[in-house]
Amino acid sequence: MNQPGGPGKFAGESPYALETPHGIRCGICPNNCTLTEGKEGICRTHLVKNGKLYTIAYGNPCAVHTDPVEKKPLFHFLPGSSSFSIATAGCNLACLNCQNWEISQQSPKDISHTELFPGKVVEEAIKNRCRSISYTYSEPTAFYEYMYDTAELARANGIKNLLVSNGYINEKPLLDLCKYLDGANIDLKSFTEKSYARLTRGRLQPVLNTLATLRSEGVWLEITNLILPGLTDDLNMIREMCEWLFLRGFADSPLHFSRFHPMFQLAGLPYTPVETLVKAREIALETGIRYVYIGNVPDNESENTFCPSCKMVVIKRNGFAVLSENLEHGACKNCRTAIAGVWE
Ligand code: SF4
C-alpha cells in the first residue's frame with residue numbers, strides 16, 4: 001500500500017497559525033484562540049512553543065475500535081460495513097452532557113494512548129476489512145492535522161473517510177479536508193444561540209455554516225439532534241430547525257433524533273421521554289425531511305429506513321445491525337424511488 005512510514009506532513013507544526021500582536025492565533029475552529037508562549041488552546045491539543053503553533057494530538061489516539069458504520073450514526077452510507085474508528089483526547093467545546101467526557105475534556109498529555117501514525121491507521125483499517133475510517137468519539141477538529149494526513153492517505157488507498165463531529169470548525173480547514181471526506185455526521189445540538197452558549201460554550205451559526213459547506217462540497221451528510229429534557233426539547237424550536245433544514249436543501253440528509261441518557265454534568269436530568277422523540281420525528285417528516293430516525297431507543301420501528309414514496313421498509317435494522325435490504329442500485333425494490341445515500 002501507499003504509505004509513509006511515520007508522521008505525515010502536518011505532524012508537529014499546525015498549518016493554520018497566524019501571527020498577531022497579541023500572540024499566535026489558531027485558525028482551525030471558531031474559538032480562534034490567540035495564544036502566547038507556552039499556552040494551550042481551549043481544545044488542549046494545540047499549544048505555542050518557540051513562537052509556533054503545534055499540535056500535540058498527532059499519532060496518539062486514546063480510542064481505537066472497529067465499529068459498524070451505523071454506530072456513528074450513518075444509516076445511508078455503505079450499510080452493514082465496518083468503520084475503523086479513532087479519537088485522541090481533547091475537544092473544542094465543553095458540552096454539559098458529553099458522553100465521551102473522560103477523553104474529550106482531557107489533554108493528550110494526560111491520558112493513556114497508543115502510537116498510531118496515519119500509515120498504520122490505514123493499514124489497520126485494511127487489515128480489519130473496514131470500508132472507511134471514522135474520526136469520531138471526542139472531537140476530530142481538535143486532532144485536525146492527524147485526521148487530515150490520515151484521510152489523505154486513506155483516500156489514496158481506497159478507504160473512505162467519515163467525519164463525526166460537532167461541526168465547530170472554520171471554513172478554510174473544512175474546505176481543505178473536504179477534498180478527502182466521503183461522509184459526515186454532524187451534531188446539531190439545538191437551534192438557538194442561547195442554548196448553544198449555555199450547553200456547549202460555542203455558537204450555533206458556525207455549525208450551520210459547516211452543514212452548508214459539507215453539502216455544497218458534495219460530502220454525504222447525516223445530522224444528529226440529541227434532545228435534552230427541559231433544555232432542547234421545545235417542539236417549536238425543533239420545528240424551526242426542521243424547517244430551516246428543509247428550506248436550505250437538507251431534505252435528503254437523514255436526521256437522527258437521539259435519546260439523552262443522564263451523564264456528566266447533566267446526570268441529574270431524566271432520560272428523554274420516548275413520546276418527545278416520536279413527536280419530534282413526526283414534526284420533521286411533516287416539514288419534508290425524508291429520512292428521520294430515533295436513536296438510543298432499543299427495538300423501535302424508527303431505526304428502519306422507509307421509502308419516502310411507497311413507505312416500504314427498504315433497510316431493516318436492529319440496533320446497529322442491518323437485518324435486510326430491499327434496495328436495488330440505490331432504489332426501492334418495490335416502487336423504484338431513488339433512496340438518497342452512498343450505497344456502493
Ligand atoms: S483548534 Fe484548539 S487552539 Fe485552535 S482555535 Fe480551536 S480550540 Fe483554539
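## Helix 7 against helix 8

Helix 7 (residues 235-247) and helix 8 (residues 274-287) pack with their axes 9 Å apart and at an angle of about 35°. Axes here are lines fitted to C-alpha atoms over the stretch in contact, with angles running from 0 to 180 degrees between N-to-C directions. Helices are DSSP runs (H or I, at least four residues) and strands are too (E, at least two), numbered from the N terminus.

Contact means heavy atoms within 4.5 Å. On the helix 7 side, the contact includes Leu235, Ile238 and Phe246, and on the helix 8 side Ala280, Ile283 and Ala284 are among the residues involved.

## Where the model comes from

This is a predicted model: local features need pLDDT of at least 70, side-chain atom pairs count only at pLDDT 80 or more, and totals for chains, interfaces and linings use all residues. Residues are numbered from 1 along each chain as its sequence is written, and side-chain values use heavy atoms, leaving out hydrogens and water.

## Helix 5 and its two faces

Over in helix 5 (residues 193-200), Ser195, Tyr196, Leu199 and Thr200 are buried (under 20% relative accessible area, with exposed being over 50% and partly exposed in between, for a 1.4 Å probe and protein chains only). They sit on the same side of helix 5 because they cover an arc of only 105° around the axis, taken from the directions from the helix axis to the C-beta atoms.

Lys194 and Arg198 are exposed on the face turned away from that buried side. Strand 10 (183-187) and helix 6 (205-216) are among what covers the buried residues.
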